[in-house]
Amino acid sequence: MRFFINARAWQLLLFIVGIPMAGMLWYVVLFMPTAESTVLEIVMLAASLWMNAFLITWVLATVTGLHDEIRSLSLGGSLALFKVAIGFLYFVLLLFSLVVGLLSSINDLPDTILNLLNVLVLVGIADYFYIVAFAARTIVKAEQVKVKFSEYFKTFLQIMFFPIGIWFVQPRINKIALKR
């Protein structure tokens, strides 16, 4: 997990986005003319799962790493609910990926399963907003003592717009990690 805190922004972007994109490009160039479309769907699903899982892992590593800094300054905050939210988000991500993978081969799913999946996805989206807000608040708390919503909203938006925002957030995380 130290990798995610000490890495440079370009290293994270290469690891989280570059590897799956290279895999998709490799597949399209070498195998696309002869493969079925379901194989392409599986490759795209795997790349999406990789990016989302490691983005969530980056947020988890950042928060848990910086939370030690905040605790040493006696700023409070609990990681228990955050870790439960991360676990639930991993579960929703995996379940959604499995169901989407099944939808390409099974056309008719019962409405109750689709409704349950819709509810889980909506709760997962709200969960993601909570996780990103907690991460933004943790980053700003590690930089300064008192934190208002208006002060960490910019960091919240930078994390939400992941590929671009990481160029601004990760150097701040590196600076905080160097102070320790």
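Residues are numbered from 1 along each chain as its sequence is written, and side-chain values use heavy atoms, with hydrogens and water left out. Because the model is predicted, local features need pLDDT of at least 70 and side-chain atom pairs count only at pLDDT 80 or more, while totals for chains, interfaces and linings use all residues.

The secondary structure of the chain comes to seven helices and zero strands, where helices (H or I, at least four residues) and strands (E, at least two) are DSSP runs numbered from the N terminus. Read along the sequence, the pattern is accordingly written α-α-α-α-α-α-α. Of the 180 residues, 37% count as buried, a term that stands for under 20% relative accessible area, with exposed meaning over 50% and partly exposed in between (1.4 Å probe, protein chains only). Among contacts (heavy atoms within 4.5 Å) between residues at least 6 apart in sequence, 72% join residues at least 24 apart. The chain exposes about 10,500 Å², of which carbon and sulfur atoms supply 72%; accessible areas come from the Shrake-Rupley method with a 1.4 Å probe, and for residues only the protein chains shown count as cover.

In soluble globular proteins, nonpolar side chains tend to be buried together. A nonpolar core is defined here as a set of buried Ala, Val, Leu, Ile, Met, Phe, Trp, Tyr and Cys residues joined through side-chain atoms within 4.5 Å. The largest such core holds 41 residues, of which Trp58, Val59, Phe82 and Ile159 touch the most other members. Two or more residues are given to this core by helix 1 (2-6), helix 2, helix 3 (37-72), helix 4 (80-103), helix 5 (111-143), helix 6 (149-160) and helix 7, and helix 5 gives the most, with ten residues. When residues up to four places away in sequence are not counted, isoleucine 159 touches Trp58, Val59, Tyr128, Val132, Ala135, Ala136, Ile139 and Val169.

The structure also holds seven aromatic pairs, in which rings of Phe, Tyr and Trp (its six-membered ring) have centres within 6.5 Å, and planes under 30 degrees apart count as stacked, over 60 as edge-to-face and the rest as tilted. The rings of tyrosine 130 and phenylalanine 134 have their centres 6.0 Å apart and their planes at 40°, so this pair is tilted. Both residues belong to helix 5 and, being four residues apart, are separated by about one helical turn; tyrosine 130 is partly exposed at 29% relative accessible area, whereas phenylalanine 134 is buried at 6%. For phenylalanine 153 and phenylalanine 156, the ring centres lie 6.1 Å apart with the planes at 20°, so the pair is stacked. These two residues lie three apart in helix 6, about one turn of the helix, with phenylalanine 153 partly exposed at 35% relative accessibility and phenylalanine 156 buried at 11%. Phe153 and Phe156 form one aromatic cluster together with Phe129, Phe149 and Tyr152.

Two or more of its residues come from each of helix 2 (9-30) and helix 7 (162-179), and helix 7 gives the most, with three residues. Tryptophan 167, which lies in helix 7, is partly exposed, with a relative accessible area of 41%.
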